[in-house]
Amino acid sequence: MKITKTKLVSAIVIVVALVTSYLFMGPQPNTPAKLPAPMTEAAGQQVEVKSQAAQQPDSSKAAPSAAQSSTDQPISTVKPTEAAPTQTPEPTKAVTAKESDKDSSKETPTPVVNQPAASQPIASQPAANQEIDPKTGKDKYLTEPVPSGKPLPVEPQNIKISDKAMTATLSVTCLTILDNIKLLDKEKVELVPKDGVILPATKVTFYEGESVFNVLQRELKKHKIHMEFVNTPIYNSAYIEGINNLYEFDVGELSGWMFKVNGWFPNYGSSRYQLKEGDVIEWVYTCDLGRDVGDTYNAMGATKQ
């Protein structure tokens, strides 16, 4: 078969057209250009042209990859923007924290106000004008702080008794001995009244400035009831050892005499309690440091005076 010039020219034109269209339009997807199989030296030249043309599309493919990498950059920048929503709640948390701080600040005064009342019993709060030694927590006569609203001790040496007469009520009982009669010396059992009352509630007269001890001493002497006491300078008060021949420790080592005024057991001696009009004085015998007669504060027997 002979190749004519016309056919050769046509083949060259076709090849040139294909190469030109390939260069300007780029390779079509999924439609690779099929060139006729080279059969001559001209065809060999076409192969070389094709190979050169094929290398150019590779560079054209590199350009999109570069563009694609540039599009990749926004993707990486999108990540911080995606992280932003996770940071968005933080201002909200900060606001709620402030609000909680405001709430806690509102609640703060409550425990501050309530804490002293909860942590300290009323009995441990000193009354006004009581001089307490900060080192010992007591006054100069070893008296613990007097509960607020209760009478302060008055020193006997500072008292001036006037002629103004007043009235009070006085009683002396030993009811607790009846409940512990087995502990009492058999020789003293007959000294205990059957009803436990040594002196029934009696209206007595006293004078302005007098103490509980002054009234007790005078009234028991008046009713011919035995009483024995001892002065205790360290407490600046008289200490009642026995009434009606019933002494401290007669019914155990926790037993002895105590007094209360208007239902309160003072935490200081009877010589330092200055009476007022209408006071109710009760002397009682305890067998358990006051717990069995209603004294929950002076359990150490501080008022056995």
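Visitor: In the hairpin of β4 and β5, which residue takes a positive phi?

Guide: It is N244, with phi near 60 degrees, and this hairpin has two residues between its strands. A word on reading the labels: strands are DSSP runs of E with at least two residues, helices are runs of H or I with at least four, and both are numbered from the N terminus. This is a predicted model, in which local features need pLDDT of at least 70 and side-chain atom pairs count only at pLDDT 80 or more, while totals for chains, interfaces and linings use all residues. Residues are numbered from 1 along each chain as its sequence is written, and side-chain values use heavy atoms, with hydrogens and water left out.

Visitor: How many bridges pair β4 and β5?

Guide: Strands pair if DSSP finds at least two bridges between them. β4 and β5 have two, in the antiparallel sense, and I243 has L246 of β5 as its bridge partner.

Visitor: What is the strand order of the open sheet of three strands?

Guide: The order is β3-β4-β5, with antiparallel pairing.

Visitor: Why is β4 largely enclosed by the rest of the structure?

Guide: Buried means under 20% relative accessible area, exposed means over 50%, and partly exposed is in between, with a 1.4 Å probe and protein chains only. Six of the seven residues of β4 are buried, which is why the strand is largely enclosed.

Visitor: In what order do the four strands of the other open sheet stand?

Guide: They run β2-β1-β7-β6, with mixed pairing. At the edges are β2 (197–207) and β6 (256–261); each has a single partner strand, so one side of each lacks a neighbour in the sheet. On average, neighbouring strands here are turned by 20 degrees against each other, direction ignored. β1 and β2 are antiparallel and joined by eight bridges, and V172 has L199 in β2 as its bridge partner. Helix α6 (residues 212–222) packs on this sheet too, touching β1, β2, β6 and β7 (280–286), with its direction at about 115 degrees to that of β2.

Visitor: Which residues have the most contacts inside the largest nonpolar core?

Guide: In soluble globular proteins, nonpolar side chains tend to be buried together. A nonpolar core is a set of buried Ala, Val, Leu, Ile, Met, Phe, Trp, Tyr and Cys residues joined through side-chain atoms within 4.5 Å. The largest one here has 36 residues, and V172, L216, I243, W257 and W283 have the most contacts inside it. At least two core residues come from each of β1, β2, α6, β4 (237–243), β6 and β7, with α6 giving the most, five residues. Contact means heavy atoms within 4.5 Å. Setting aside neighbours within four places in sequence, I243 is in contact with V172, I198, L216, L220, I225, H226, M227 and W257.

Visitor: With which side chain does the side chain of D139 make a polar contact?

Guide: A polar contact is a pair of N or O atoms within 3.5 Å; within protein, one must be able to donate a hydrogen and the other to accept it, and residues adjacent in sequence count only if both atoms are side-chain atoms. The partner of D139 is R272, at 3.2 Å. The D139 side chain also has a polar atom 2.7 Å from the backbone nitrogen of T143. D139 lies in the loop between α4 (109–119) and β1 (165–173), and is buried at 10% relative accessible area.

Visitor: Where is Q130 found?

Guide: Q130 is in the loop between α4 and β1, buried at 12%. A polar atom of its side chain lies 3.4 Å from the backbone oxygen of E144. Beyond four places in sequence, the contacts of Q130 include D139 and T143.

Visitor: How many disulfides does the count come to?

Guide: A disulfide is a pair of cysteine sulfur atoms within 2.5 Å, and the count is zero. The sulfur of C174 has its closest cysteine sulfur in C287, 9.1 Å away, too far for a bond. C174 is buried at 0% relative accessibility, and C287 is buried at 12%.

Methods: Axes are lines fitted to C-alpha atoms, for helices over the stretch in contact, and angles run from 0 to 180 degrees between N-to-C directions.
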